[in-house]
Amino acid sequence: MSTLEAVLAGKYPAKSHARRVAEHLKARGHDGPGVIYLEAQKTRLIEDNDEPMPFRQRRPFFYLSGCLLPDSYLIYDVNADKLTLFIPPVDPEEVIWSGLPLSPAEALERYDVDSVLATTELNESLLSIASVYQGNAVAFAIADQVSSETKFEGFLETNYSVLKESIERTRVVKDSYEVALLRKANEISAKAHVAAIQASRSAKNEREIEGAFIAACIANGAREQSYHPIVARGENGATLHYGRNDDSLSDPVSQQKKGSVLIDAGGEYRTYCSDVTRVFPLGGKFATETRQIYEIVLRMQSECIAMLKDGVQWEDVHAHAHRVAISGLLDLGILRGAKDELFDKRISVAFFPHGLGHYLGMDTHDTGGNPNYGDKDSMFKYLRVRGRLPAGSVITVEPGIYFCRFIIEPFLKSHETSQYIDANVLERYWSVGGVRIEDNIHITKEGYENLTTAPKAIEEVEGMAQ
């Protein structure tokens, strides 16, 4: 058994997560007796249908339980350091269709909790805890995630305002088990990206490449996707979240496969996400213009990753990506002028409009990033993470250069900014669409660890596409 598999063979560390959340609450002044209360996602039927909606466990509940069962509940008695999971009892009619559910004894063996009871015992347990603390305990819950039948009788108060944020802040720093889950998701996604590149040899449209990616994820243990895959040929790649995935891979005039494909896709493993973007050529060789842009983006990414370490200011890393982009686009003649002036005038935003990356965990755009979408500075407005990166966080590094007419043409029409872009040189690059390269990086005390193993060197990618 590999080291990774050995780690994942253990229990998800729910109890330590509960303790960390409690410590965060205490640091915010809530240091008296209390309980943390969380609910799993409910089973819901599709409207006008007797089939259940696709199930996605509530992340706060999973973080403190490791449990993927719907219709469940959880209580953490902070002072007693006792974590109790409540799971649905046997429903004889449901057994006919779905078999016997997980028993309390089996759940106790599987999950990192102190006790497992039936959901029918929830209110009695809450009342018992309240009586122990003689009405001086606070119940912490998340607004709009409490069932009407749940009763917090006997508690001093029910606080709905702080728990969600405390969990989101705590989730930023991952423990070794969470990093292992993210590494596993990346390993599976790397295999799927290779399968997608190989599928492009015979595929006729974008959706066949998407199908190959999803099939490889499922076959290797990731039944869910972190998000809807983006598979964009040529100019489709200039749309950041392109989602149609149905365009032909052939040029409409020559009927030959032409251009490159941007694929932004990641498998989800046990609720933990990967988020990986690669670009590869159709036919085995990048066009000259695409290769030139690819080399710039690869340099943007490698230099930014090299800057990463505990405490690094994320805005500084993002700004460096823009400076590398400016230098590269100047060399190609697309931009003209002095580097500092181009940076100060935010000209590179026309080609790199989004933030450099985001936290990654149980959500693709994970919690705790403190974005400021009201920022008037166009270079920083769409950053999903602001501030210093702590050791233990996992962040994506995904620079890109795009040739989107809707974004660039206003710069060309403006008297103030048109002087910095050579429209004649630019004309050769519209067909590139977009190039984005994205890896998932674990921040450590000493520096960083790249969790993403999908190939990205030009020669390797071209070899796979032939």
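Q: Before we start, how should I read the UniProt positions here?
A: UniProt positions are given in the numbering used here, and annotations may be inferred rather than shown by experiment. Also, this is a predicted model.

Q: Good to know. Where does UniProt place the Aminopeptidase P N-terminal domain?
A: The UniProt record, an unreviewed entry, puts that domain at residues 12–147.

Q: How far apart are the end C-alpha atoms of that span, and how much of it is helix and strand?
A: The end C-alpha atoms of residues 12–147 are 26 Å apart.

Q: Switching to pockets: what volume does the largest one have?
A: About 720 Å³.

Q: And which residues lie nearest its centre?
A: Thr43, Pro70, Asp71, Pro88 and Glu94 do, out of 24 residues lining the largest pocket.

Q: Which helix gives the most to that lining?
A: Helix H4, residues 92–98, gives the most, with 4 residues.

Q: How does the lining divide into nonpolar, polar and charged?
A: The lining of the largest pocket has 14 nonpolar, 4 polar and 6 charged residues.

Q: On to helix packing. At what angle do H8 and H15 pack?
A: Helix H8 (residues 176–199) packs with H15 at about 55°, and their axes are 7 Å apart. That angle makes H8 oblique to H15.

Q: Which residues make the contact?
A: From H8 there are Val194, Ile197 and Gln198, and from H15 there are Val461, Met464 and Ala465. By class, the contact of H8 with H15 has 5 nonpolar residues, 1 polar and no charged.

Q: What about H10 and H15, how do they pack?
A: Helix H10 (residues 288–306) and helix H15 (residues 458–465) meet at about 135°, with axes 12 Å apart. H10 and H15 are therefore oblique to each other.

Q: Who's touching whom there?
A: Arg291, Tyr294 and Glu295 of H10 contact Ile458, Glu459, Val461 and Glu462 of H15. The contact of H10 with H15 divides into 3 nonpolar, no polar and 4 charged residues.

Terms used
Residues are numbered from 1 along each chain as its sequence is written. This is a predicted model: local features need pLDDT of at least 70, side-chain atom pairs count only at pLDDT 80 or more; totals for chains, interfaces and linings use all residues. Side-chain values use heavy atoms; hydrogens and water are left out. Helices (H or I, at least four residues) and strands (E, at least two) are DSSP runs, numbered from the N terminus. Axes are lines fitted to C-alpha atoms, for helices over the stretch in contact, and angles run from 0 to 180 degrees between N-to-C directions. Angles under 35 degrees count as roughly parallel, over 145 as roughly antiparallel, 65 to 115 as roughly perpendicular and the rest as oblique. Contact means heavy atoms within 4.5 Å. Ala, Val, Leu, Ile, Met, Phe, Trp, Tyr, Cys and Pro count as nonpolar, Asp, Glu, Lys and Arg as charged, and the others, Gly among them, as polar. On a 1 Å grid over the protein atoms alone, a cavity is a set of points where a 1.4 Å probe fits but cannot get out, and a pocket is an open set with protein on both sides within 12 Å along at least five of seven lines; lining residues have an atom within 4 Å of a point. Grid points are joined across faces, edges and corners, and a volume is the space filled by probe spheres set on the points.
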